[in-house]
Amino acid sequence: MHVTNALARLGAITLGLVASLDVASAQLGQWDVIGDSAVVCIHTLQLPNGKLLCIERPREKPFSFNPYSNGRTVSEITLEGESVEGSTPSVSSSFSIQAPDIYANAFCGGHAQMGNGSLLVVGGDPRSLIQAPNGTILINEGLPPELANLPAFLVDGGRAMRVFTPCAVGDTACKGGTWSQAADMPLPRWYPTVTTLKDGSSIIISGSLHNIDFDHLADNNNPTYEYYPPRGAPRPLDILTWAYPHSLYPLAFTMPSGKAWLFVSNKTAIIDPEKDANGSDYVQPSSGGVPDLDERVVPDHSPWIYPHTPAAVVLPMTIKNNWSFKIQLCGGSLSPNSAVAKAQNVGDVGDAAFPRTPASDACVQINPDDAAPKWTKVDNLPTARLMPDNVLLPDGTILYMNGAGWGQSGGNAGQVQYAYPPVMSVDLFDPEAPAGSQWKTLANMTVPRLYHSGALLLPSGHVITTGSEMNNYKDYWPTPNPNCWPAAYTPCADPFERRIERFIPPYLQTGKPRPEIASVPKSVTYGSMFKISMNTDATKIKRVNALRYATTTHGVNTDQRLVELEIHGVSSTALYVKAPPNGGIAPPGNWMIFPLQDGVPAVAHTVMFANGPVNDVVIPDGVTPVVKGEQSLSGGAGTKASNFFIAAIAGVAAFIGGVFV
């Protein structure tokens, strides 16, 4: 009798468990591969109209040129149907924009979304390609004399400044964007950082004169910054001299004041473009009172920069936090001198002296605008990762993915000995959750993303991951194949990852209806009231978030930012919202507008925030006014209870019949 009752109860528990697990899995998101990018998206830049611009390296020995692009290194990619709910997207690549306009090699350059909606791409790699009479693309290296003078297909891009102008928002007749070449920079920049400033201009920071070799560092530093459009000669920056070689792809963001926050290794410099109009009034930037991120905050950590690459992001700037400017850094790697690293420092077959430095799980925050800025340690990443990417989501949470469990960034294609294993888990951070419950682990990705990967948010609310040149890691780990690259000079598995994988976040799995935008204005000046026309009931919208178009490479994304907009009036068919007050809070350029209903975002429409006179749309009579503070102030995740629920289910699922499974 007791056994029968126990079995009955177990059966009921099991049935309930299956149903509960279905609910739980629906809250973890879903990954699916949606297509092939033809080139490896080492640099992934967002364009209007569901398009991307991808840049890869020119192939080098032991690999031949890319057969899928005939050697071309830049592709404009169309994600057809990606924003249509329930559709299977079609991914196609176009190379008509490639030659001859993109003539200077942009691999390992820097980039940013410009204030006018174009993209600035600066610097790059010295490697060049030539084109044989039969059309074959050849690496311009070690060629016989009769081939050495063939026409150049791709040239040294280290000093180049290029502007890519995409098709305008909504222009369906336009077949592809166009490149234009600006005047060269005075010196080359390899691994520079570019950031769009309050006035729409760009600041270009750091880089080396050619590709870095940590065994030969002399005479290769470019410890300066400059502007586009140019404002005179590049300015020296002491912090870049001090930190070299830990000065490449530094972290930088535009501050609400219009100054630029720069973080190099573990130190800060604050650059004031308004006091730096030309070289004659140049003053060496200071730390602005921001302390170093040292051992007292996070002990045993490597410099917070390439090749120990962490990820940085400006946390959501919301009504609740009064649009405060707080930066979060997560991941990277531990110091090789740490006890944990020394215990694992066993070397490898390819380089017996190379340390297997474990990835870091540390996360820290700082607000440089505080009267007394202070680095604060927050909840650790659930999964330690080197080379992470992060993506701001429309609901105010932040997705962390990609990377490796130990090692460092770097290496030519397929040189997988420097970092392993790929981290497949995906973590979600809620900046408004209480300490101790800020993280939630979601569904694993299926495509490994090691060195040279990226991730972006799409207008549909989905996230994509791109790139990676280390897809041959199984030829080396856990035991090197002596006949395969990089243990031998013969390629076996293809290291070049061209698949684009899409993530469907939990907010698109709730079954709740999505709001739908009818129209938004193409451009809005700062501080202006504008109208969002809705096809669904606008009175159900309690929050509108704007997210800036992004560009990403090597874990650096200076563009992405979330700014919550004030709702001032609402009717059944429209929302009346106010644009951010200035380009320091919301740098000029293209922004995705996401109204949210019960935590579910609409498919975004694009608005360009721009400088200019305030131009308010008049709120008509009969529209319900919204007093500041009445609209929803939650971070959008609100998952404390559901986190507990999933954890409880996971615990039951792991223990059935007295056995953990």
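Which residue forms a salt bridge with Arg-57? I looked this up before anything else. The partner is Glu-60, and the closest N and O atoms are 3.0 Å apart. I keep in mind that this is a predicted model.

**Entry: charged pairs**

Arg-57 counts as buried because its relative accessibility is 3%, under the 20% limit. Glu-60 has 14% relative accessibility, so Glu-60 counts as buried too.

I moved on to Arg-59. Arg-59 forms a salt bridge with Glu-56. Their closest N and O atoms are 3.3 Å apart. Both Arg-59 and Glu-56 are buried.

I also noted the general idea behind such pairs. Side chains of opposite charge can pair when their charged atoms come close.

How many salt bridges does the structure hold? I found 19.

I picked one more, between Glu-497 and Arg-499. Their side chains meet at 2.9 Å, N to O. Glu-497 is buried, with a relative accessible area of 3%. Arg-499 has 34% relative accessibility, so Arg-499 counts as partly exposed.

**Entry: a four-strand sheet**

Next I traced a sheet. What is the order of its strands? I read β1-β32-β31-β30, an open sheet with antiparallel pairing. The edges are β1 (30-36) and β30 (453-457). Each has a single partner strand, so one side of each is left without a neighbour in the sheet. From one strand to the next, the twist averages 25 degrees.

I took the pairs in turn. β30 and β31 pair in the antiparallel sense over five bridges. Across this pair, Ser-453 stands opposite Gly-467 of β31. The two strands form a hairpin, with five residues between them. In the turn, Gly-461 has a positive phi of about 90 degrees.

β31 (residues 463-467) also runs antiparallel to β32 (residues 499-504), and three bridges join them. Val-463 has Phe-503 as its bridge partner in β32. Ile-464 stands opposite Arg-502 in β32.

**Entry: Gln-328**

Gln-328 sits in strand β21 (residues 327-331). Is Gln-328 buried or exposed? Its relative accessible area is 0%, so Gln-328 is buried.

Which side chains does Gln-328 reach through polar contacts? I found Gln-365 at 2.7 Å. I also found Tyr-400 at 3.0 Å.

I listed its other surroundings as well. Leaving aside neighbours within four places in sequence, Gln-328 is in contact with residues including Ala-311, Val-313, Leu-315, Val-378 and Phe-429.

Trp-261 was my next stop. Trp-261 lies in strand β18 (residues 260-264). With 0% relative accessibility, Trp-261 counts as buried.

I checked one spacing. Trp-261 and Ile-271 are ten residues apart in sequence. Their C-alpha atoms are 6.7 Å apart in space.

What does Trp-261 contact beyond four places in sequence? Among its contacts are Leu-251, Phe-253, Met-255, Ile-327, Leu-329, Pro-368 and Trp-375.

I followed Trp-375 from there. Leaving out residues up to four places away in sequence, Trp-375 touches Trp-261, Phe-263, Leu-329 and Gln-365, among others.

The largest nonpolar core has 49 residues. Trp-261, Leu-329 and Trp-375 are among those with the most contacts inside it. Strand β38 (residues 562-570) gives the most to this core, with four residues. Apart from it lies another core, of 35 residues, among them Leu-393, Ala-455, Leu-508 and Tyr-549.

In soluble globular proteins, nonpolar side chains tend to be buried together.

How values were computed: Residues are numbered from 1 along each chain as its sequence is written. This is a predicted model: local features need pLDDT of at least 70, side-chain atom pairs count only at pLDDT 80 or more; totals for chains, interfaces and linings use all residues. Side-chain values use heavy atoms; hydrogens and water are left out. A salt bridge is a side-chain nitrogen of Lys or Arg within 4 Å of a carboxyl oxygen of Asp or Glu. Buried means under 20% relative accessible area, exposed over 50%, partly exposed in between (1.4 Å probe, protein chains only). A polar contact is a pair of N or O atoms within 3.5 Å; within protein, one must be able to donate a hydrogen and the other to accept it, and residues adjacent in sequence count only if both atoms are side-chain atoms. Contact means heavy atoms within 4.5 Å. Two strands pair if DSSP finds at least two bridges between them. Axes are lines fitted to C-alpha atoms, for helices over the stretch in contact, and angles run from 0 to 180 degrees between N-to-C directions. A nonpolar core is a set of buried Ala, Val, Leu, Ile, Met, Phe, Trp, Tyr and Cys residues joined through side-chain atoms within 4.5 Å.
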